Amino acid sequence: MTAPPLAAAPPRLRRPSVLAALTVVIVGAAHVLAWRGADVSPAALAEGWEGMRDFLGEAVPPDLSWSTVVRPGLDAALVTLYIGLLGTTLSVPFALVLAVLGARTTTPNAFVQQAARSVLSFLRAVPDVVFALIFVTAVGLGPFAGVLALVFHNTGVMGKLWSEAMEETDPGVREALRTNGASGVQVTSHAVLPAVLPQLAGLLLYRLDVNVRSSLVLGLVGAGGIGFLINQSIRLFRFDEMLTYILIVLALVIAVDQLSSAVRRRIGR
Amino acid sequence: MTTATPDTTTAALSVRGLRKTFAGRTVLDGIDLDVRAGELVAVLGANGSGKSTALRCVIGLERPDAGSVRLHGEETAGQAGRRPAAVSRRAAMVFQHIHLVPRRSALDNVCAGALGRLPLRRSLTPLLFPRELREEAMACLARVGLADRAGEAVARLSGGQQQRVAVARALCQRADVLLADEPVASLDPAATTQVLDLLGVLARDEGLAVAAVLHQPALARRHADRIVGLRGGGLVIDAPAGDVPASALDDLYSHGPGPEGTTP
Ligand SMILES: Nc1ncnc2c1ncn2[C@@H]1O[C@H](COP(=O)(O)OP(=O)(O)OP(=O)(O)O)[C@@H](O)[C@H]1O
Ligand SMILES: [Mg+2]
C-alpha cells in the first residue's frame, strides 16, 4: 500500500568515527585516574560503617532541650538568615553597576566592558569561604565577616547573571530609542532596565536562596550563625545537639527555597 | 507643535545618491528620493530590495557608503556618526515590531520620544520627566486618538493601538519627517486602515512628510499620495499614486532579473 521511498533511509547506526573512539578512550582514562587520585575505596566505606552507626546512634534522638539547644539554635538560624539577606541586598548596587558596565548592550566601550567583566570574574572565582576566612582575620569572628564575604562573592555571581540578562534584551527597543536621540545611559535606563527588571528580581531571589545556604557553611569557618554552632557541637562530640541544629537548618533552607520560588513564579507571570 | 507649512522649494526629506553595500553586495545603488511636507509616500519593493536599509540609512541606524541625506536642506550626521544629531532628530521612525517598552504606560513610552532633548537629571527615570513634557505627550496621544488610554501599560493595548502609541512617540520627538517601516504588517485590516488613515492625516492636515514601507500595493494606492518602487538597488517607480500602472507594480514583484541584473 505504501509508496516506495524516494531514497533509502540512512542506516540506523553510523560507523563510529576515530574521533568518537578516541573521545571514549580519553574520558575512560580520566575516570580511572580520578578514581585513583581521589582514593576512592569501597572497602574503607564498608569498614567505616561501624563508625557511622555509632555516630548516628549518638545523634538520635536529637537533643531537644529548649533553653540550651533549640532556642540558641533558632536564634543562630535567624542570624544565618540575616547574613544571607544582607549579603544579598548589599551586593545589589555593586552587582548592578558592574553588570551594566560589563554588558555589550549597555556599554559600548570595549575596554570598560572587559575591565568590569574581569572584576566580576575575579569575585566569582574566589569562593565565599575564602572571602570569609580573609574577613574573619580583618573584622574578627562573627556574622559581619560572613556578610562581607557574601557581598563580595555574590557581587561576582549575580553581576554576571544580570549582565547576561541585559545582553539578551530586544535590540529593537534600544534602536528605537536611539532614533529618538536617546544617549547610551538613557537607552539603558529606558529600554534595557525596564525589560530585564523581572528577570533581575528572579535572579536576586535565587541568589538569596543560595546565599542563605552558603552562610551556613560560612558559619563553619567562624563567620557566625548556626553553622558556627554545628561546628562547635561536632568538636565537643555532641552529636544529638548537632542533629537538632541540622533539622533547624533543614527547615530554614526549605522555607527560604519555597518562598523564593513562589515569589519567582509570581514575577514570571 | 508642528504646523502645516507646505514647503514646495525644499523637500522636508531629500536623499541623493544613497549607496549601501553589505559585504560586497550592493543593496542601494544610488537612490534619489524627495519627500515633501504634507505628502504620504509609499515605498514598495520585493523582500530584500532594500526598503528597510534605505530608511535605516536616513534615520542613522546604518551608515551609508555614499550619498547625502538632508532634512529641510540641512545635512544630517547620517554619514559621520551613528548617533543622530539635533538635525536628524527632526526625523523619527516607527517599526513593524513597534518596539515600545511593554511594561510601561503609553504616556511614559510617548515621553521617551523626547529623551534626545532632555538632560539626564530630568530623564533618568519616568518619575523625573518634567510636567510640560507629560502634557505635551498627552497632546501627542490625543492626536493619535488614545488620550483615554494614557495610563495603561502598553502590553495591554491591541497591536493597532500600540502602533499608534509608537506614532505618538515619534510626534513627541517633535519630528516633522516620519519614516514607517512596514507599520501595518502585523495588523488586522481594521487596525491597518486606522494606522494608515492616521499617517494620512498627519501628512495632509498637520504637514508632516511621511514615508511608509508597505507590502500591499492596494493599500499604497488607497492611502498614499505618491508611490516609489525599489528594485535592483534603484528607484524604478516614482509617480503620483493614481498614475502608476498596475503592470509597473507587477514588475516590482516579478522574479527574474531586475534592471541591474540582481536576482533574489
Ligand atoms: N546588517 C546587514 N548585514 C548584511 N546584510 C544586510 C543587513 N541588512 C540588510 N542586509 C541585506 O540587504 C538586503 C536588503 O535588506 P532590507 O532589509 O533592506 O530589505 P527590505 O526591502 O526591507 O526587505 P523586506 O521586505 O523583507 O523587509 C537583503 O539582502 C539583506 O539580506
Ligand atoms: Mg524590511
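Modeller: Let's start with a term. Contact means heavy atoms within 4.5 Å.

Colleague: Okay. How many residues does the contact take from chain A and from chain B?

Modeller: Chain A gives 19 residues and chain B gives 27 residues. This is a predicted model, where local features need pLDDT of at least 70, side-chain atom pairs count only at pLDDT 80 or more, and totals for chains, interfaces and linings use all residues. Residues are numbered from 1 along each chain as its sequence is written, chains are lettered from A and ligands numbered from 1 in the order in which they are written, and side-chain values use heavy atoms, with hydrogens and water left out.

Colleague: And pLDDT is what?

Modeller: The predictor's confidence in each residue, from 0 to 100. The mean for chain A is 90. In chain A, 98% of residues reach 70 or more.

Colleague: Which elements of chain A have the lowest and the highest mean pLDDT?

Modeller: Helix α3 (residues 49-59) of chain A has the lowest, 83. Helix α5 (residues 92-102) of chain A has the highest, 97. Helices are DSSP runs of H or I, at least four residues, and strands are runs of E, at least two, numbered from the N terminus.

Colleague: Back to the two chains. What area do chain A and chain B bury between them?

Modeller: About 2,000 Å², with 57% of it on carbon and sulfur atoms. Buried area is the accessible area (1.4 Å probe) that two parts lose on being put together, summed over both. In chain A, Thr179(A), Asn180(A) and His190(A) lose the most area to chain B. Together they account for 33% of what that side buries.

Colleague: How many salt bridges cross the interface of chain A and chain B?

Modeller: One, by the rule. A salt bridge is a side-chain nitrogen of Lys or Arg within 4 Å of a carboxyl oxygen of Asp or Glu. Glu175(A) pairs with Arg56(B), and their closest N and O atoms are 2.9 Å apart.

Colleague: How many salt bridges are there over all chains?

Modeller: The search finds 25 in the whole structure. One of them joins Arg71(A) and Asp75(A), at 3.5 Å from N to O.

Colleague: Where do Arg71(A) and Asp75(A) sit?

Modeller: In helix α4 (residues 66-89) of chain A. They are four residues apart, so about one helical turn separates them. Arg71(A) is partly exposed, at 44% relative accessible area. Asp75(A) is partly exposed too, at 39%. Buried means under 20%, exposed over 50%, partly exposed in between (1.4 Å probe, protein chains only).

Colleague: New topic. How is chain B divided?

Modeller: Into domain 1 (7-90 + 176-264) and domain 2 (98-175). Those bounds come from an automatic or database domain assignment. The domain centres, taken over C-alpha atoms, are 25 Å apart. In chain B, 16 residues of domain 1 are in contact with 14 residues of domain 2. The two domains bury about 1,200 Å² between them, 63% of it on carbon and sulfur atoms.

Colleague: Which residues have the most contacts inside the largest nonpolar core?

Modeller: Leu141(B), Val165(B), Val167(B), Leu178(B) and Leu199(B), in a core of 64 residues. This core draws at least three residues from each of domain 1 and domain 2 of chain B. A nonpolar core is a set of buried Ala, Val, Leu, Ile, Met, Phe, Trp, Tyr and Cys residues joined through side-chain atoms within 4.5 Å.
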